[in-house]
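Hi,

Could you take a look at this one when you have a moment? I've put it just below, and my notes come after it.

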Amino acid sequence: MDLGAGPDQPDHDGDGATAIRGWTVSWTFPNGQVISQIWGGSHTQSGANVTVRNVDYNGALAAGASTTFGFIGAVTGANNPPTNLTCTTT
């Protein structure tokens, strides 16, 4: 998963052993970054805390499958990478 600068497109690869029904990715932006557009996921942002959940077409993944989502964000000043990155599946 890469959440560096610029338009980001993290990917979720399951452990490869089992199918999943859905996924959630969460992180904390350290410098006031704000997401302005997102695709391949549905996001909520409360201050620095961001949560992205799958959308209907990319939640159920077969064993070994992967998916991506992407976003465009804005920041003024420093643009350090996110912290507290987690990915959970159901």
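This is a predicted model: local features need pLDDT of at least 70, side-chain atom pairs count only at pLDDT 80 or more; totals for chains, interfaces and linings use all residues.

Residues are numbered from 1 along each chain as its sequence is written, and side-chain values use heavy atoms, with hydrogens and water left out.

The sheet: four strands form an open sheet in the order 4-5-2-8, with antiparallel pairing. From one strand to the next, the twist averages 10°; the angles, from 0 to 180 degrees, are taken between N-to-C directions of lines fitted to C-alpha atoms.

Strand 2: this one covers residues 23-28 and is joined to strand 8 by five bridges, running antiparallel. Trp23 has Thr89 as its bridge partner there, and Thr24 stands opposite Thr88. Five bridges also link strand 2 to strand 5 (residues 49-53), again antiparallel, with Val25 opposite Val52.

Is strand 2 enclosed or open? Six of its six residues are buried, so the rest of the structure largely encloses it. (Buried means under 20% relative accessible area, exposed over 50%, partly exposed in between, with a 1.4 Å probe and protein chains only.) Trp23, Val25 and Trp27 are on one side, and Thr24, Ser26 and Thr28 are on the other.

The core: the largest nonpolar core has 11 residues, including Ile20, Phe29, Leu61 and Phe71. Such a core is a set of buried Ala, Val, Leu, Ile, Met, Phe, Trp, Tyr and Cys residues joined through side-chain atoms within 4.5 Å. Strand 2 gives the largest share, three residues.

Thr28: this residue of strand 2 is buried, with a relative accessible area of 17%. Its side chain makes a polar contact with the side chain of Asn49 (3.2 Å). That term means a pair of N or O atoms within 3.5 Å; within protein, one must be able to donate a hydrogen and the other to accept it, and residues adjacent in sequence count only if both atoms are side-chain atoms.

Cheers

Technical notes
Two strands pair if DSSP finds at least two bridges between them. Helices (H or I, at least four residues) and strands (E, at least two) are DSSP runs, numbered from the N terminus.
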